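Hi,

Here is the model I promised to pass on. Have a look, and my notes follow below.

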Amino acid sequence: MCTLKPPFDSKTVGGLYLKIVKGQYMPISQRYSKELSEIVASCLQKDGRDRPFIQEILENPKLKKMAHALGHKIPSGDEITKEVKCQKQNMISTFAKKKTQQRFGDNQSQTKENLGYSQFRKAELYKNSKLSKPIVTNSK
């Protein structure tokens, strides 16, 4: 995070696993504030139920004060929720596109870029139906 290095590092996968399971990581430099050290430690809790939600971190009074002093605006809970939903939708779209490419082959990928919208929509309907063959015809 603030050290520009991953919190857990090892030369072997087994060693990395053990460090993660044991929660062993190098603490951040003492030049950083105690509050930041506490935030980092809380984010690296082994049990995910013990880790803070982003809204909890952003509500930290000292963090808010520092962000304000640096001229940064901390997003509200609604702004974060909106961004998370947008990111999820982008991931779903990317996944759907990859699935379409797998289903129809990479060479003749039936996406919005190389099909008209109506043909793309028909391909999507086919993909989600039980039809024996696609409705889409590639007429060029």
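How many salt bridges does a search of the whole structure find? The search finds five, where a salt bridge is a side-chain nitrogen of Lys or Arg within 4 Å of a carboxyl oxygen of Asp or Glu. Before I go through some of them, a word on what you are looking at: this is a predicted model, in which local features need pLDDT of at least 70 and side-chain atom pairs count only at pLDDT 80 or more, while totals for chains, interfaces and linings use all residues. Residues are numbered from 1 along each chain as its sequence is written, and side-chain values use heavy atoms, with hydrogens and water left out.

Back to the salt bridges. One of them joins the side chains of Glu-35 and Lys-62, at 3.0 Å from N to O. Glu-35 sits in helix 2 and Lys-62 in helix 4, so this pair ties together parts that are 27 residues apart in sequence. (Helices are DSSP runs of H or I with at least four residues, strands are runs of E with at least two, and numbering starts at the N terminus.) Glu-35 is partly exposed at 26% relative accessibility, whereas Lys-62 is exposed at 51%. For those words, buried means under 20% relative accessible area, exposed over 50%, and partly exposed in between, with a 1.4 Å probe and protein chains only.

Two other pairs to look up:

- Asp-47 and Arg-49 form a salt bridge with their closest N and O atoms 2.9 Å apart; Asp-47 is partly exposed at 28% and Arg-49 is exposed at 74%.
- Glu-79 and Lys-73 meet through their side chains at 2.9 Å, N to O; Glu-79 is partly exposed at 38% and Lys-73 is exposed at 62%.

Lys-62 also turns up at the start of helix 4. There, a side-chain oxygen of Asn-60 reaches to within 2.9 Å of the backbone nitrogen of Lys-62. Asn-60 itself is in the loop between helix 3 (54-58) and helix 4 (61-69). A polar atom of the Asn-60 side chain also lies 3.1 Å from the backbone nitrogen of Leu-63. These are polar contacts, meaning pairs of N or O atoms within 3.5 Å; within protein, one must be able to donate a hydrogen and the other to accept it, and residues adjacent in sequence count only if both atoms are side-chain atoms. After helix 4 comes Gly-71, with a positive phi near 80 degrees.

As for the overall picture, the protein has six helices and zero strands, giving the pattern α-α-α-α-α-α along the sequence. Of its 140 residues, 16% count as buried. Among contacts with a separation of 6 or more, 29% are between residues 24 or more positions apart, a contact being heavy atoms within 4.5 Å.

Now for the aromatics: the structure holds one aromatic pair. The ring centres of Phe-8 and Tyr-25 are 6.0 Å apart and the planes are at 80 degrees, so the pair is edge-to-face. Phe-8 lies in the segment before helix 1 and Tyr-25 in the loop between helix 1 and helix 2 (34-43), so the pair ties together parts that are 17 residues apart in sequence. In this definition, rings of Phe, Tyr and Trp (its six-membered ring) pair if their centres lie within 6.5 Å, with planes under 30 degrees apart counted as stacked, over 60 as edge-to-face and the rest as tilted. Phe-8 is buried at 16% relative accessibility, while Tyr-25 is partly exposed at 27%.

The segment before helix 1 also holds Leu-4. Its phi is near 65 degrees, a positive value in a residue other than glycine, and Leu-4 is exposed at 79%.

Last, the surface. Tyr-17, Leu-18 and Val-21 make a nonpolar patch of about 300 Å². Patches are made of residues with over 30% relative accessible area and no salt bridge, joining like charges within 9 Å and nonpolar side chains (Val, Leu, Ile, Met, Phe, Trp, Tyr) within 5 Å. Tyr-17 is in helix 1 (residues 13-22) and is exposed at 54%.

Cheers

Note on methods:
Accessible areas come from the Shrake-Rupley method with a 1.4 Å probe; for residues, only the protein chains shown count as cover.
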